[in-house]
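This briefing is meant to be read with the structure open beside it. Please take the topics one at a time, and find each named residue in the picture before moving on.

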Amino acid sequence: LNQTIIHQQLQQHQTSYVHRVLRSKLFIPMQRDQPLDKDMLKSQLLMQKTGMIRRASLGMYMTLPLAHRALENLIKIIDQEMSNIGGQKLSMPKLLSKELWEKTGRWESSGDELIKVKDRKGEEYCLAPTHEEIFTSMLANERIATNNLPMKLYQIGDKYRDEIRPRFGLLRGREFLMKDMYSFDKSVADAEETYNLVKTAYHRIFSRLGVNYACVEADSGNIGGSTSHEFQIITDVGEDTIVSCSKCGHSANLEKADAECEPHPEKSPIRASFAMLKNSAGETTIIQLWTSSSDQPNLHSTKSHFSNIVMFEPIDSKQKDALLAKSPNTPIRVFIDQSIQNNSNFEKIYPSMSSSLQSFTVGRFREVKEGDRCVRPECTSDAERGLMKFNRGIEVGHIFRLGTKYSVPLKANIKNSEGVDVPMEMGCYGIGVSRLMAALVEAHKDLDGIVWPIQVAPYKLIILPYATELETENLRKATELYDYLSKEPSLTNQIILEDRLDITFARRIKEATIIGVPYILFVTQSKTRDQDVYELEDRTTGEKSFFNMVELLYFFR
Ligand code: ATP
Ligand code: MG
Ligand code: MG
Ligand code: MG
């Protein structure tokens, strides 16, 4: 096909049809009844009410058009920042064969969080919770030379984890959207440079979202590796606790801060550990295992402390073994393994429990008191040591230096200058995209509803004509404004026209406000004002200004 033919064909299909986004035709199933679930977070409630999401089954959600548009905006920002550092986008299967996962040992070590499935031939697979194995093995199978590196490959796709407690809607789902990047380098120094480069890109992403966030030192968990950082959105409803020093500025996830204090439990911000025990009859009880003031395990019933348990790490038997192997000296773990079940004291206090112990969960109790002194070398002398402060956060991003944890077992090698095969140095970098969207709703809301930052908002503007079924003049004017403003590229397909005349004007305003469209344009008749001047409300500040058509166009340009 040459250019002329293409042009003729396009002309044939040209119509004068201009699509208007009419509110009456949008699938925004607003929910007016209060849900019964008392554990719901405000953001989750708002996303339900504004028809962004619907629950399909435990931890599985339908992402409806408003939420989908917000996600796509987030993806655009992430894609831009990933391209800016040389990231190449691709996509991987979600059903992954057991073989590779056995090679790295994660088929077993992932525990019950890994969803395993069998095909009709009996072959075993897992639903991808993360994709290190397949990326690494892909590069192992291609001829990668030193001058092809660094290589940064990423995808944005669904991940699956059988979370022990899926909750808070998209914040902890069993299916969720993740951006995951994997980097490959020829040396430790290069890998460190790549890690820092990606970290900077993450700072740019979260800065662009205009949200209060922190980059904190973190534990690398089952993914492994040496250095790791989390990006946390600071909010009171976060599940994580961030410890930060008022003086040296160092901040870390409490899990990590505690691990650093392991040789000196008295310096640990965590004060005690608990176990929740369940017997075969399903009865549960909580016992205190260890406090940082005494190394001796003690068995007290501490039911009254239950509400104070702020971190709760569920541990099943497989995870327990992995943890024991990782840090055998931690008092909690030693005690659980050797003492609980045959401790005579325990039998005396909990006779029914000790005879038929089924499962246990370990939790840790943190004193909610702030002001432990910082133990970092940066905070030099005792007198000058900064005070530790606690904040709650939602983990929205996590980056890891993996070293050769995956490249060794999967043989992802390059030839060094002497022609010898050496494993590539790797890193991996995640952003929970669906969690991030929910966290943004949590961070950007007021008493009237969601307040979308304009860069993520599903629509930028909604036009509200003051019209009734009998009096439609303002609807006509609103339509004219709609067509005029839609020509501005930044507003094309970004405006909703509220055309429902069968509901009250007050309700139309209320709905526009709760769904969080950043700008609301009122088309009303006013005797005192010029006919062609319209009121524009900024949803974030509540400020109202008056503009004519041309001024409006310039405002959004
Ligand atoms: P968490 O501590 O909250 O369980 P994680 O440390 O297990 O998260 P990572 O393995 O670091 O998660 O995965 C990368 C990112 O994926 C996380 O930073 C988070 O934003 C997101 N994520 C992890 N689990 C979930 C989930 N169940 N639902 C939604 N997003 C998730
Ligand atoms: Mg997890
Ligand atoms: Mg975590
Ligand atoms: Mg993490």
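This is a predicted model: local features need pLDDT of at least 70, side-chain atom pairs count only at pLDDT 80 or more; totals for chains, interfaces and linings use all residues.

In helix α2, the residues S43, Q44, L45, L46, M47, Q48 and K49 are buried.

**Helix α2**

- Helix α2 covers residues 42-49 and is mostly covered, since seven of its eight residues are buried.
- The buried residues of α2 pack against several elements, among them the strands β1 (53-57) and β2 (60-63), and also the helices α13 and α15 (505-514).
- Two further strands, β22 (445-446) and β23 (449-450), also pack against the buried residues of α2.
- After α2 comes G51, a residue whose phi is positive, with a value near 65°.

**Helix α3 with helix α13**

- Helix α3 (residues 65-84) and helix α13 (residues 433-443) have axes that come within 10 Å and cross at roughly 110°.
- An angle from 65 to 115 degrees counts as roughly perpendicular, and α3 is therefore roughly perpendicular to α13.
- The crossing in which α3 passes α13 is right-handed.
- On the α3 side, A67, A70, L71, L74, I75 and I78 meet V433, S434, L436, M437 and L440 of α13.
- Sorted by class, this contact of α3 with α13 has ten nonpolar residues and one polar residue, with no charged residues.

**Helix α3 with helix α7**

- The axes of α3 and helix α7 (residues 188-208) also come within 10 Å, and here they cross at roughly 150°.
- Angles over 145 degrees count as roughly antiparallel, so α3 and α7 are roughly antiparallel to each other.
- The crossing of α3 and α7 is right-handed.
- I77, I78, Q80, E81 and M82 in α3 meet A201, Y202, R204, I205 and R208 in α7.
- By class, the residues of the contact of α3 with α7 comprise six nonpolar, one polar and three charged.

**The magnesium site**

- The magnesium ion (ligand 4) is coordinated by E395, through OE, and by H398, through ND1, at 2.1 to 2.2 Å.
- A distance of 3.4 Å separates the magnesium ion (ligand 4) from the magnesium ion (ligand 3), and E395 coordinates both.
- Are E395 and H398 buried or partly exposed? E395 counts as partly exposed because its relative accessibility is 25%, whereas H398 is buried because its relative accessible area is 10%, with buried meaning under 20%.

How values were computed. Residues are numbered from 1 along each chain as its sequence is written. Chains are lettered from A and ligands numbered from 1 in the order in which they are written. Side-chain values use heavy atoms; hydrogens and water are left out. Donors are N, O and S atoms within 2.8 Å of the metal (3.2 Å for Na, K and Ca); water is not among the atoms, so sites may look incomplete. Buried means under 20% relative accessible area, exposed over 50%, partly exposed in between (1.4 Å probe, protein chains only). Axes are lines fitted to C-alpha atoms, for helices over the stretch in contact, and angles run from 0 to 180 degrees between N-to-C directions. Helices (H or I, at least four residues) and strands (E, at least two) are DSSP runs, numbered from the N terminus. Angles under 35 degrees count as roughly parallel, over 145 as roughly antiparallel, 65 to 115 as roughly perpendicular and the rest as oblique. A crossing is left-handed if the near helix is turned anticlockwise from the far one by less than a right angle, and right-handed if clockwise. Contact means heavy atoms within 4.5 Å. Ala, Val, Leu, Ile, Met, Phe, Trp, Tyr, Cys and Pro count as nonpolar, Asp, Glu, Lys and Arg as charged, and the others, Gly among them, as polar.
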